[in-house]
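Hi everyone, thanks for making time.

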Amino acid sequence: MKAPARLQTALTEDLAGLWLLLTATVVLAFTANLLRDEPVSLTYQSKEQRLAGSVATLQEDLSLSVSQGSTPLPEALDLEAFRQFVQAGQGLILDARPAIFHQLGHVPGARSLPRDDFENAYRLLRANLDQNKSQPLVIYCSSASCEDSHLVADALRDLGFSNVTIFTGGWAAWTRAGLPEESDS
Amino acid sequence: MKRALSHPHMLLALRLVIGGLFVYAGGLKFLHPVAFADSIATYQLLPEALLHPVALLLPPLEIIAGAMLISGYRKRLATFTLVLLCLVFLVALGQGWARGLEIDCGCFGSESSSEQAALWAIGRDILFLLGLGWLYWKFLPPTPAASHA
């Protein structure tokens, strides 16, 4: 049998095999999904929609607290301004990256408020957050190009926090500058 | 060169490396299907209704085909499946790059969405295709003369 004929035979056989494999994978994939702690719904929601859903649930569940005045923060902090904010310790630093990255290393004193698990993480931080809705909050994520810090900042504003800003450089700028790190391990 | 590439140890190494990478990549995405759906959305290729079904289906397919290639069970079918997957990835990455989209490859979980990262993913995909194409060729049914040997 010549090479083209061998190839044709193999392709015909494999195409038939592929359908079987695909069918088995569909059954397996959807069964595995049902066995997850939180099965993934078949309807897609964007990051923004998911975060808005979490904010709406939190707004429904949690009562509003009294605001107290404090110096308003600028719209965004550069590395030097953020470094001073960290040193002064007069507000909360929030890490919007996934929790695993926060555990591996974060800005000293930062608390984890990941965009991808906002609702649960917010409930854990409630005691620190809800006591004063105008306290300075600075959010950061992995780098200047990530959007999680912006999304989390918007979500916090929707929850009534009035003094929220972003450290634009994120974790990448902090570590590049050789500034101190903290980890949970 | 051709002899070295045809050596059984080389073929085994190719199977283990490529199969292992697909099992690893599929595993990462299997653990975080919603993040994977976010990555697929950046390609702007599929309607929203298909994002979650595809994000749930692709990772197990990569894991199963990768495991089949490693174990040697129906290894030619596994290679064929992975070739098709790589072709799909290549088309998806290529169209995203050509349209200037900020795509997050999503190949090994959530990655950066720079143009450089997209080009690197395209290069990686072409390398996989070359390796898999070679394996598929070597797994073709033997010629009658060889089969009687």
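So, reading along the sequence, chain A goes α-α-β-α-β-α-β-α-β-α-β-α. Please keep in mind that this is a predicted model. If you count up the elements in chain A, you get 7 helices and 5 strands. The box filled by its C-alpha atoms is roughly 85 × 40 × 30 Å along the principal axes. Of the 185 residues in chain A, 29% are buried. As for contacts in chain A between residues at least 6 apart in sequence, 70% of them join residues at least 24 apart.

Now the sheet. The 5 strands of chain A make an open sheet, with parallel pairing, in the order S1-S5-S4-S2-S3. Which strands sit at the edges? Those are S1, residues 76-77, and S3, residues 111-112, of chain A, and each of them pairs on one side only.

Let's step across the sheet from S1. In chain A, S1 is joined by 2 bridges to S5, residues 164-167, and the two run parallel. There, A:Ala76 stands opposite A:Ile166 in S5(A). Next, S5(A) and S4(A) are parallel, joined by 3 bridges, and A:Val164 in S5(A) has A:Leu137 standing opposite. Moving on, 4 bridges join S4(A) to S2(A), again in parallel. Two of the residue pairs here are A:Leu94 opposite A:Ile139 in S4(A) and A:Ile93 opposite A:Val138 in S4(A). Finally, S2(A) pairs with S3(A) over 2 bridges, in the parallel sense. A:Leu94 turns up again here, with A:Arg111 as its bridge partner in S3(A).

What about the two faces of S4(A), covered or open? Both are covered: A:Leu137 and A:Ile139 are buried on one side, and A:Val138 and A:Tyr140 are buried on the other. S2(A) has both faces covered too, with A:Leu92 and A:Leu94 buried on one side and A:Ile93 and A:Asp95 on the other. A helix to look for here is H6 of chain A, residues 148-158, which lies across S2 (92-95), S4 (137-140) and S5 of chain A. H6(A) runs at about 170° to S5(A).

Okay, on to chain B. How many residues of chain B are in contact with chain A? It's 24 residues of chain B, in contact with 24 residues of chain A. On chain B's side, the elements giving two or more residues are H3 (33-41), H4 (48-71) and H5. H4(B) gives the most, with 9 residues. By type, the residues on that side of chain B split into 17 nonpolar, 3 polar and 4 charged.

From H1(A), the contact uses A:Ala10, A:Asp14, A:Gly17, A:Leu18 and A:Leu21, and from H5(B), B:Arg76, B:Leu77, B:Phe80 and B:Thr81.

Buried residues in H3(B) are B:Pro33, B:Phe36, B:Ala37, B:Asp38, B:Ser39 and B:Ile40. What covers them comes from both chains, including H2 (47-61) of chain A, and H2 (8-31) and H4 of chain B.

B:Gln44 isn't a glycine, yet its phi is positive, about 50°. B:Gln44 is in the loop between H3 and H4 of chain B, and it is exposed, with 11 other C-beta atoms within 10 Å. B:Arg74 also has a positive phi, near 45°, and is likewise a residue other than glycine. B:Arg74 lies in the loop between H4 and H5 of chain B, and is partly exposed, with 18 other C-beta atoms within 10 Å.

How values were computed: Residues numbered from 1 in each chain as written. Chains lettered and ligands numbered in written order. Predicted model: local features only at pLDDT ≥ 70, side-chain atom pairs only at ≥ 80, totals over all residues. Buried ≥ 20, exposed ≤ 12 C-beta atoms within 10 Å, placed from the backbone. Contact = placed C-beta atoms within 7 Å. Pairing = 2+ DSSP bridges. Axes fitted to C-alpha atoms, helices over the stretch in contact; angles between N-to-C directions. Nonpolar A, V, L, I, M, F, W, Y, C, P; charged D, E, K, R; others polar.
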